[in-house]
Amino acid sequence: MSDTTDSNGTSGSNGAGDTDGTAGTDGTSGTGSADVTARTGSSAATDSGSAEEATEAAAQSQLSTAPVEEAPSGPKLSLFGWLRWFWRQLTSMRVALLLLLLLSLASVPGSLIPQRNASPFRVAEFLQNNPKLGPVYDRLQLFDVYSSVWFSAIYLLLFVSLIGCIVPRTWQFVGQLRAKPPKAPSRLKRMPAYTTWRTEAEPAEVLGGARKLLRGSRFRVADGEGSVSAEKGYLRELGNLCFHLALIVMLVAFAVGQLWSVEGGKLVVKGGGFANTLTQYDDIKSGALYDYDDLDGFGFTLEEFHSSFEESGPERGTPRDFRADISYWEGADGPEKKASIEVNEPLTVGSSKVYLLGHGYAPVVTVKDGKGDVAFRGPVPFLPQDGDPNLTSQGVVKVTDYQDAKGKKEQLGFVGIFTPTYGIDEVRGPHSTFPGMKYPAIFLSAYRGNLGIDTGLPQSVYQLNQRGMEPFETEDGDILRQSLRPGETMDLPDGAGSLTFERVERWATFQISQKPASGWALGGALVAIGGLAASLFLQRRRVWVRAYAGGDGRTVVEMASLGRSESAKVPEELGTLAERLRAGAAPLPSAPERDADDGPDDTSDHDDSVGPSADDDGPRRS
């Protein structure tokens with residue numbers, strides 16, 4: 001419209017009419033009109049361009065799969081808000097499971113890469129054989145996985161996450177225990193398990209019988225208006241809490257066991273002894289916080305070692321019995337006691353346990369030098385070859401105090417194989433055919449020179465470093481090799497001496513360990529299994545019983561049950577309870593009745609078309 005009417009009823013002109021009406025009276029109004037027109041045209045052009053750009057952007061957004069970036073509209077979090085958000089994420093079940101998975105994955109390098117606390121020689125060998133990769137592993141603490149910063153961080157975060165999960169759930173569970181079972185819903189018929197019948201018994205009598213029945217079935221019972229509420233299965237949540245608490249106990253026990261534990265090994269030949277001091281161990285490792293002054297004061301002597309093997313049949317050579325008879329003492333002046341150590345039956349002395357790990361043979365040899373003097377005499381343990389059940393063993397006899405016929409001091413080394421029951425073939429050469437000592441023999445090669453013991457570098461007593469050694473040779477120029485039976489002698493060339501194979505003794509290896517909190521770890525594992533079983537096999541469920549006078553004056557009894565999860569046991573349990581309750585509130589013969597949903601005070605929601613029949617014999621699923 002070009003004309004408008006003001007509030008007084010007079011007629012006036014709006015923008016376009018005024019421009020046309022004043023063009024002849026004001027010489028400048030034409031210019032003004034042109035300016036207005038130009039500005040209007042420019043504005044229209046801008047609006048048209050904006051509309052085209054918006055249309056193009058909308059079309060591009062339909063073709064693109066990139067997510068739309070929208071600025072967050074919520075309020076910014078404060079420092080306390082971020083800390084609260086982080087705590088909620090850390091204590092969520094999702095993060096706890098993720099941390100548990102990360103802990104499992106972080107343990108993998110510890111089983112694939114040699115660890116410094118368990119095998120320092122293998123770590124040194126790895127570093128020597130891998131000059132580029134070894135230092136990288138060392139910087140990443142892959143040789144000390146279980147004490148590394150990143151493993152400890154995962155461990156501690158999991159520990160905190162479990163505590164954060166348990167504390168609020170514990171308070172929630174306590175609140176549930178203190179609360180009464182919820183009152184009966186107005187329409188019990190809608191419950192998954194439901195049954196109803198009519199009886200001549202009074203409502204109060206029915207409810208009293210229901211109360212007694214449910215309490216006798218270990219339900220927690222609460223009274224309502226014309227109804228009884230009961231709940232059972234609280235052990236499910238208790239089992240869940242016990243499972244998580246047991247995990248924390250196990251984590252603490254493992255941490256204590258790692259930090260304050262000590263474990264060492266010792267090989268003892270029959271007749272030899274051991275005292276529980278640091279210098280007596282063949283190898284020993286301990287936790288970061290363990291003090292070797294806390295080693296228990298005791299010692300023992302290996303009196304006899306017994307072993308037996310299957311003699312014939314398809315299981316020939318299978319071990320049947322291992323037993324080490326020892327005499328031990330506690331303290332400096334403790335009385336000597338007799339004991340036997342068997343596999344998985346350790347000796348407990350103080351807080352230490354002595355386990356029997358392995359066994360083998362130790363040939364007793366006597367070495368004489370070039371002047372006929374005894375340079376070495378004693379048993380030399382030979383170690384079984386890996387994977388050989390018949391105990392084919394390798395060993396080295398090292399003689400450091402030796403003089404040749406001219407009085408020149410040298411060192412001797414004898415590398416050999418011991419077979420408790422001799423056998424030989426073209427493929428394996430000399431080997432044992434049975435682990436028992438039926439036909440013992442030893443095969444030796446002799447060397448002379450420098451054993452390298454004086455360099456101060458550690459070396460194995462079961463290996464011969466041949467770098468500074470040269471073999472004895474026969475007249476034909478071959479390396480001197482000879483097989484010996486007990487009582488036989490090997491003579492060295494040019495009067496250099498001899499070695500006599502005297503007899504064979506037995507040896508056994510023992511592990512002495514001191515691990516605190518092992519009982520706590522075992523107890524935590526058992527509680528965790530029990531808690532997990534309770535959380536998986538128990539179910540939280542509720543039962544309601546309502547009794548009221550029907551329209552015909554008879555008592556209507558309703559029973560319903562509800563479980564936290566779908567289970568066939570819920571209606572079965574309700575059926576059992578209903579049968580027991582009917583013993584005191586017998587149902588009437590079949591007769592027409594109202595819908596059981598029609599309670600005594602609920603007349604507005606009656607639905608008489610779907611009520612159960614009076615001869616309903618048990619629970620049903622709705």
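Me: Which strand gives the most to the lining of the largest cavity?

Reply: The general idea is that rolling a probe the size of a water molecule over the atoms shows where empty space is left. In this predicted model, strand β24, spanning residues 498-514, gives the most to that lining, with three residues. The search of the whole structure finds one cavity of 30 Å³ or more, and the volume of the largest cavity is about 30 Å³.

Me: Which residues line the largest cavity, and how do they divide into nonpolar, polar and charged?

Reply: The lining consists of Val262, Asn276, Tyr281, Leu295, Ser352, Ile512, Ser513 and Gln514. These divide into four nonpolar and four polar residues, with no charged ones.

Me: What is the order of the strands in the open sheet of four strands?

Reply: In general, strands of a sheet pair through backbone hydrogen bonds, either parallel or antiparallel. Here the order is β7-β9-β10-β11, and the pairing is antiparallel. The edges are β7 (273-275) and β11 (337-342), each of which pairs on one side only. From one strand to the next, the twist averages 30 degrees.

Me: How many bridges join β7 to β9?

Reply: Three bridges join β7 to β9 (residues 298-309), and the two strands run antiparallel. Within β9, Gly299 is the bridge partner of Ala275.

Me: How many disulfides does the structure hold?

Reply: A disulfide is a covalent bond between the sulfur atoms of two cysteines. The structure holds zero disulfides. As for individual cysteines, Cys165 is buried because its relative accessible area is 7%, under the 20% cut-off. Cys242 is partly exposed, with a relative accessible area of 27%.

Key:
Residues numbered from 1 in each chain as written. Predicted model: local features only at pLDDT ≥ 70, side-chain atom pairs only at ≥ 80, totals over all residues. Heavy atoms only, no water. Pairing = 2+ DSSP bridges. Axes fitted to C-alpha atoms, helices over the stretch in contact; angles between N-to-C directions. Disulfide = S-S within 2.5 Å. Buried < 20%, exposed > 50% of the residue type's maximum accessible area, 1.4 Å probe, protein only. 1 Å grid on protein atoms, 1.4 Å probe; cavity = no way out; pocket = protein on both sides within 12 Å on 5 of 7 lines; lining within 4 Å. Points joined across faces, edges and corners; volume = space filled by probe spheres on them. Nonpolar A, V, L, I, M, F, W, Y, C, P; charged D, E, K, R; others polar.
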